[in-house]
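Visitor: Could you help me learn to read a protein model? I would like to take one feature at a time.

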Amino acid sequence: NNFLLGAFDLGGASFSPLASINFTRINHFGHDDLDILDSDSLSISFAGIFQFSGGWSLRGSLASSFQFDPNSGMDQTYRETSPTIALGKGLQVGNAQAFIEWSVAYHYTNSKAQIIEDMMDRFETALLFGLNMPLGKLEFSPFLRFALSRYSNEDTSFNKDQTDFLVNLGLQLKYSFSEWLSLKGHLNLATRNSNISGKDFTRIDPGFGAAIDAKF
């Protein structure tokens with residue numbers, strides 16, 4: 001759930017605060033041994049978006065996520081807090097809205113599963129390109145994201161000097177039944193290339209869902 005808490009005119013710029021809370025449950029199937037990978041996660045974030053003339057925007061945010069083990073009494077297994085600042089630019093391309101955003105973030109982590117609790121701490125910078133194209137009641141939204149992550153933990157050989165290059169190619173299709181009800185489908189292709197052997201991966205995530213928009 002995302003809550004837009006209004007828009008405020010600052011004279012030459014507008015400011016919009018945004019709060020988000022999301023709960024996710026992940027269940028694995030195919031083999032009994034995969035049960036140990038099941039997890040529940042809770043994410044909370046707060047953001048402030050400044051919008052300027054010419055389509056420019058500046059966003060600052062603070063997000064925290066928590067993972068729990070549903071097979072062990074919901075014990076917390078992982079925690080991550082990420083302050084982020086991002087600079088964006090919106091463009092009009094015919095009937096479509098295009099955007100580009102550059103962001104810088106740092107991820108503070110705490111993991112009970114690792115030998116060193118903060119060994120997943122990392123700096124990340126990313127460049128995001130996206131397009132929102134309306135086609136009647138259907139909205140077509142592809143995006144491409146490049147990210148570079150550098151792990152900051154120097155006390156273990158597990159990820160010492162690790163640098164990852166990540167690419168996400170995604171597509172979302174949204175069909176609006178009305179102004180407040182829509183159905184969404186998405187497909188995301190993610191790849192990671194790391195300078196550490198054995199850390200590369202490629203993943204494909206398809207999915208679908210429904211959304212309800214309301215004003216109070």
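This is a predicted model: local features need pLDDT of at least 70, side-chain atom pairs count only at pLDDT 80 or more; totals for chains, interfaces and linings use all residues.

Visitor: Where does S16 lie, and which residues is it in contact with?

Guide: You will find S16 in strand 3, residues 13–26. Strands (E, at least two residues) are DSSP runs, numbered from the N terminus. Contact means heavy atoms within 4.5 Å. Leaving aside neighbours within four places in sequence, S16 is in contact with L4, G6, A7, A47, G48 and I49.

Visitor: How is a pair of aromatic rings described?

Guide: By the distance of the centres and the angle of the planes. Rings of Phe, Tyr and Trp (its six-membered ring) pair if their centres lie within 6.5 Å; planes under 30 degrees apart are stacked, over 60 edge-to-face, and the rest tilted.

Visitor: How many aromatic pairs does this rule give?

Guide: The count comes to four. In one of them, the ring centres of F15 and F50 are 4.8 Å apart and the planes are at 40 degrees, so this pair is tilted. It links distant parts of the chain, with F15 in strand 3 and F50 in strand 4 (residues 39–52), 35 residues apart. F15, at 23% relative accessibility, is partly exposed, and F50, at 30%, is partly exposed too. Another pair, Y175 and F177, is edge-to-face, with 5.1 Å from centre to centre and 75 degrees between the planes.

Visitor: Where is W56, and how accessible is it?

Guide: W56 lies in strand 5 and is partly exposed, with a relative accessible area of 41%.

Visitor: What about S53: buried or exposed?

Guide: S53 is exposed, at 62% relative accessibility. Its place is in the loop between strand 4 and strand 5.

Visitor: How far apart are S53 and I21 in sequence and in space?

Guide: They are 32 residues apart in sequence and 30 Å apart in space, C-alpha to C-alpha.

Terms used. Residues are numbered from 1 along each chain as its sequence is written. Side-chain values use heavy atoms; hydrogens and water are left out. Helices (H or I, at least four residues) and strands (E, at least two) are DSSP runs, numbered from the N terminus. Buried means under 20% relative accessible area, exposed over 50%, partly exposed in between (1.4 Å probe, protein chains only).
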